[in-house]
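Open the model in your viewer and keep the selection panel at hand.

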Amino acid sequence: MTKNTRYYVFTDSNGKQKKVKVSHLDSNANSINVKGKVQPITVTEAGTNDLIVSSSPHVWSKTTTSKIMLDVLIALLPAAFASVVLFGLQAFILIVSCVASAILAEWIFQALCKQKVTISDLSAAVTGLLLALNLPASVPWWQGVIGSIIAVVVVKGLFGGIGKNFANPAITARVIMLLAFSATVGAAVQPSIVDATSTATPLYILKENYGILPSLFEMFVGLRGGAIGETCAIALLIGGIYLMARKVITWHTPVIFVGTVFILMLILNGNVEVALYEILSGGLLIGAIFMATDYATTPTRAWGKVIFAIGCAIITVAIRMWGSYPEGVSFSILFMNILTPYIDRLTRKKPFGGVR
Amino acid sequence: MNIIKIKKGVLSMPLFKLPGAHVPHHKNTASKQAVKMPVPKEIIMQMNMHIGAFAQPIVNVGDHVLVGQKIAQAGGYISAPVHCSVSGVVKKIDTVLESDGTHVPAIFIETDGMQEISDEVQPIKVDSYEDFVEAIKNSGIVGLGGAGFPTYVKFAIKDLSQVEAVVINAAECEPYITSDTRTMIDHLFELEEGVKLLEKFLGAKRIIFGIENNKKEAIDALSKTFKDDQKVEIKVLPALYPQGGEKVLIYNTTKRIVPEGKLPLDVGVVIINVTTLAWIARYIKTGMPLVEKVVTVDGSCVANPQNVIVPIGTKIKDVFDFCGGFKEMPYKVMYGGPMMGVALPNLDLPITKRTNAILAFNQKEATVPEPSNCINCGRCINHCPLHLDPPAFAKALDLNRPEELVKLKVNLCMECGVCSFVCPAKRPLVQKNRLAKATLKKYLAEQKKKEEGKQNENK
Ligand code: SF4
Ligand code: SF4
């Protein structure tokens, strides 16, 4: 059970942990009372036992990066389930191919770069799943794979891996795909269980004032055109509540983002019903709950989150009302991602007792 | 007396609530009365059991020493004398290697087991405030909560009208440690006398006990004892680490903020650990200086976790042996609690005045988790009780920007360990903070030198 040497564990400036053999710390202790019996300690050259000497603290919370990511995956499950129910096999294929390729891409990339392989932190799986849920059912699986590789390798890996990217990988990949495969990614596909002839999304109908809107109830359960994971509001809300209950995210970003969009739409349209349609349509809920709360690319402090959410809401409304695209959630989050470091600096708290 | 219960999240004066972390309590030893351990064969009296200058030995090798005898005198203004905890013979005066790699002088004494008490130990007559401070100075008492700051320095107050409140730190927020809790229960009468001394000599208008709500027995004992004392307040605070941090406790009990570079006294507060107060009263009553300590012995490896009354200078190996030895092989042994404690390289180091616990962890608990990338989750920032920004320290340090460190106020960091504790990526933030503080100190010293050099040139 005992090793022969004592180690001094410390962390170097790169954050890597090092163990160094210690031989200069001498001790006369060469026996130790274990289970009531005096047992000899395995004596080294210097006559030491093997105690780990490391910096305080000596206890750590149970929260780990992979547990947080697992919680996000669990929170996305209702939406993933709903997408398969609504959009059928195509949704299932898209989800599996995106998640699998994201994990594989991270593994291969890190192995090639001789980095530590971090697929076990589950962040690649989260990115892949989020990307899949943000794509419409018309996207073939191989396009999903390309998108995942872009998200994991280009947007995340090349910037140094988890936590070091400045833009949300899933959103960035989706925007790139929208430009590259506009026919499939830009299409508005109706759920396969709805036999509708119209292929327009509610947002398009709202914007162009042409077509038949689904009822608010249909909007709420996801019976409307759009990306496979964004339509079922109830599933997304369950996921959001789970994340807040698990303290993975705070209420600030989602509530203020959605709330501000609602208020602005109410003011601009003067109609509660239209405002309700606006918050239930497009990628607003999935964006506000899962994308605008991404740790790496959004502010860390409560006030920062408030500023971020209001900024996202204003840009979203502006694009929806006056832009040439019907949807603006992705762009708004991407734009605010860029401002995040500045928001973080702006909202830094005054140190307690600090004198400026 | 007033008992003020502060519920979580609703402070009496809602300026703002200081964050913290919910650390596991592990107060396994709180209900058992402390037991006295027999005198060991050899003791080691370190000369640095306090903050400040080393104490100077005043005995020679071969001298016969008695319990309570002064064997080393204070080495400066901020220093404290050392008294012998046993009767025996001075074997050698040598150095001890501490876990930070420094050698400190120490007196090694072979005990004779007689525990003869020195004539020096006589009840102290205290008539005036000056006598009171002098008594504390002679008692060798230092901050027993773990800080080790010579207590008399805190009480050497020029203008007593400055003192508006005395805060008694009974928070004991570190996991495992229960020695203060035991003192409050077992040494209640001494605590009562201590409070009377404070009232008499400091003229304090308010005496506030700050205690965490997980110590029911101690709270009950205190409220019964101080029922009729109008000056005493007992503030029951939520068990949120680091409740016992000096600035945190002062804020939570008095709503005063101690500014950077200032002392609690500057905001009208004197803060003292509860055990320290009890020991002051004991010294004045009996004349017995600080020669023994209640030490919590706990951790997954210890056979019988309990509180032990230990003669100061006892090797921790002997203390563990008294507690039935180890159940399994320890992989980490430390002084103090797991949040701020110091890991030890061997079991031969002695119990000092500031040791309030010794813990032994098994392999699983002792293993340091592998750090991964910071995911920018903000947990460290949002949990830091002092509103600091540890990842920014690390960044400024890596980019070698000490001026940035000045602005970020890294010097305020009390190394409480909350940021490292909550970090999901298990980043060694506290270690980085220490490094940043050291770097900043060096940088400031260099700056000062440069400026002085310039001034000299100008002359
Ligand atoms: S160790 Fe320093 S930075 Fe970390 S939480 Fe404590 S005071 Fe804040
Ligand atoms: S708690 Fe850890 S992972 Fe989170 S921001 Fe702080 S250093 Fe980064």
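Which residue in β9(B) stands opposite Lys92(B)? Select Phe108(B): this is the residue of β9(B) that faces Lys92(B) across the pairing.

Before going on, note that this is a predicted model, in which local features need pLDDT of at least 70, side-chain atom pairs count only at pLDDT 80 or more, and totals for chains, interfaces and linings use all residues. Residues are numbered from 1 along each chain as its sequence is written, chains are lettered from A and ligands numbered from 1 in the order in which they are written, and side-chain values use heavy atoms, with hydrogens and water left out.

**Stop 1: the four-stranded sheet of chain B**

Show chain B as a cartoon and select β3, β9, β8 and β5, which in that order make an open sheet with antiparallel pairing. Strands here are DSSP runs (E, at least two residues), helices are runs of H or I of at least four residues, and both are numbered from the N terminus. Two strands count as paired if DSSP finds at least two bridges between them. Strands of a sheet pair through backbone hydrogen bonds, either parallel or antiparallel.

Begin with β8(B) and β9(B), joined in the antiparallel sense by nine bridges. Their hairpin has five residues between the strands, and Gly101(B) in it takes a positive phi near 90°. Next, β3(B) pairs with β9 (residues 103-111) of chain B over five bridges, again antiparallel; here Gln46(B) stands opposite Ala106(B). On β8 (residues 88-97) of chain B, the antiparallel partner β5(B) is held by two bridges, with Val65(B) and Gly88(B) as bridge partners. The edges of the sheet are β3 (42-46) and β5 (64-65) of chain B, each pairing on one side only.

**Stop 2: the six-stranded sheet of chain B**

Now select β2, β15, β14, β18, β16 and β17 of chain B, an open sheet in that order with mixed pairing. At its edges are β2 and β17 (342-343) of chain B, each with a single partner strand, so one side of each is left without a neighbour in the sheet. Inside this set, β14(B) and β18 (residues 357-361) of chain B run parallel and share three bridges.

A salt bridge is a side-chain nitrogen of Lys or Arg within 4 Å of a carboxyl oxygen of Asp or Glu. The pair links β14 (residues 292-298) with β2 (residues 35-36) of chain B, 256 residues apart. Over all chains the structure holds 23 salt bridges.

**Stop 3: the interface**

Show both chains: 76 residues of chain B are in contact (heavy atoms within 4.5 Å) with 60 residues of chain A. The buried area is about 5800 Å², with 58% given by carbon and sulfur atoms; this is the accessible area (1.4 Å probe) that two parts lose on being put together, summed over both. On the chain B side, Met329(B), Tyr331(B) and Ile375(B) lose the most area to chain A, together 13% of what that side buries.

Two salt bridges cross the interface. One of them joins Asp389(B) to Arg348(A), at 3.0 Å, N to O.

**Stop 4: the ligands**

Select ligand 1 and the residues with a heavy atom within 4 Å of it; among them are Cys384(B), Cys413(B), Cys416(B) and Cys419(B). Both α13 (418-422) and α14 of chain B supply at least two residues of this shell.

Ligand 2 has its own surroundings, including Cys374(B), Cys377(B), Cys380(B) and Cys423(B). Ile375(B), met at the interface, is also in the shell of ligand 2.

**Stop 5: backbone details**

Which peptide bonds are cis? One runs from Ser56(A) to Pro57(A), with omega near 0°, and Pro57(A) is in the loop between β4 (37-40) and α1 (65-87) of chain A. Another runs from Tyr241(B) to Pro242(B), with omega near -5°; Pro242(B) is in the loop between β12 (232-237) and α6 (246-254) of chain B.

Finish at Lys114(A), a residue other than glycine with a positive phi, near 55°.
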